Amino acid sequence: MNIDTILFDLDGTLLDTNQLIHESFVYTLEQYGFHFTDEEILQFNGPPLVHTFTELNPEKVDEMVQTYRTHNLARHNDYVTLFPNVKETLTQLKQKGIKTAIVSAKMRAGVDNGIQFTGIEPFFDTIVTIDDVHHPKPHPESLQLAMDRLGSKQERTLMIGDNYHDIEAGNRAEVETVAVSWTHKGIDFLKQYNPTYVIDDMKQLLDIVGV
């Protein structure tokens, strides 16, 4: 394989934000009179907030999004950590000249907060967030934008993520895909979307790329 570009999802792939996201949903939903099981709340993790809250209360969607983001930001540094071997793997990829990007459905401010807090900001050549596109994942627009910025070709690009919209976006963009087994929804769920690879440790990316 001759991969020279890797596109990374952020939350749940590089950053362990699972507990933070869950708590932020619980807090927000309770403020507006909603009560869901943990399993039901898990299904909200992935799509853009505006999509989730529009389905629940279209009249108060903007207010709900703001409530979520305010709570999430306030508690961010209490919960967020890197998954094992993330920084070590990014270091080696950078040393080998692999181009890297973050492709996230979060707003830029939230992405910046996470990568600055965990110290991984210098490893990325470009960052694409929901602020940059009309159609977030699983639409391929954000992946195509990242590849355009990096001057990368589809056949030499990988998309790695922890949720269905990452794998589906990669498939639609016609790039190879990597599903992480530490996905909060369980790897069997992600396998339904036919990722090219499944990894159990971030370091396995180095074997896939051949560095």
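Which helix lies across strand E6 and E7, and at what angle does that helix run to E7? Helix H8, residues 164–172, lies across strand E6 (157–161) and E7, with heavy atoms within 4.5 Å counting as contact. H8 runs at about 170° to E7. Angles here go from 0 to 180 degrees between N-to-C directions, and axes are lines fitted to C-alpha atoms, for helices over the stretch in contact.

Some ground rules. This is a predicted model, where local features need pLDDT of at least 70 and side-chain atom pairs count only at pLDDT 80 or more, while totals for chains, interfaces and linings use all residues. Residues are numbered from 1 along each chain as its sequence is written, and side-chain values use heavy atoms, with hydrogens and water left out. Helices (H or I, at least four residues) and strands (E, at least two) are DSSP runs, numbered from the N terminus.

Now the sheet. Six strands make an open sheet, in the order E5-E4-E1-E6-E7-E8, and the pairing is parallel. Strand E5 (126–128) and strand E8 (197–199) are the edges, each with a single partner strand, so one side of each has no neighbour in the sheet. From one strand to the next, the twist averages 25°. Two strands count as paired if DSSP finds at least two bridges between them.

Take the pairs around E6. Strand E1, residues 5–8, is joined to E6 by four bridges, in parallel. There, Ile6 stands opposite Leu158. On to E7: E6 and E7 pair in the parallel sense over four bridges. Met159 stands opposite Thr177 in E7. Val178 has Tyr197 of E8 as its bridge partner.

How many residues of E6 are buried? Five of the five, so E6 is largely enclosed by the rest of the structure. Buried means under 20% relative accessible area, exposed means over 50%, and partly exposed is in between, with a 1.4 Å probe and protein chains only. Thr157, Met159 and Gly161 point one way from E6, and Leu158 and Ile160 the other way.

Back to H8. Its buried residues include His165, Asp166, Ile167, Glu168, Ala169 and Gly170. Their cover includes helix H7 (141–150), E6, E7 and helix H9 (187–191). Just after H8, Glu174 takes a positive phi of about 60°.

H7 next. Glu141, Ser142, Leu143, Ala146, Met147 and Leu150 are the buried residues of H7. They pack against E1, E4, E5, E6 and H8. Just after H7, Gly151 has a positive phi of about 70°.

One more helix on the sheet. Helix H6, residues 108–118, lies across strand E4 (99–103) and E5, at about 135° to E5.

Now helix H4, residues 61–79, and its packing partners.

Partner one is helix H3, residues 49–56. H3 and H4 pack at about 130°, with their axes 9 Å apart. From H3, the contact uses Leu49, Val50, Phe53 and Thr54; from H4, Val61, Met64, Val65, Tyr68 and Arg69. These divide into seven nonpolar, one polar and one charged. For the classes: Ala, Val, Leu, Ile, Met, Phe, Trp, Tyr, Cys and Pro are nonpolar, Asp, Glu, Lys and Arg are charged, and the others, Gly among them, are polar.

Partner two is helix H1, residues 18–31. The axes of H1 and H4 come within 9 Å and cross at roughly 145°. Among the contact residues are Leu20, Phe25 and Thr28 of H1, and Tyr68, His71 and Tyr79 of H4. The contact divides into eight nonpolar, eight polar and two charged.

H4 and H6 pack at about 15°, with axes 11 Å apart. They are therefore roughly parallel to each other. Leu73, His76 and Asn77 of H4 meet Asn113, Gly114 and Phe117 of H6. That gives two nonpolar, four polar and no charged.

Last, a residue in H4: Thr70. Is Thr70 buried, exposed or partly exposed? At 45% relative accessibility, Thr70 counts as partly exposed. The C-alpha atoms of Thr70 and Thr28 are separated by 9.8 Å, though the two residues are 42 apart along the chain.

Key
Parallel < 35°, antiparallel > 145°, perpendicular 65-115°, else oblique.
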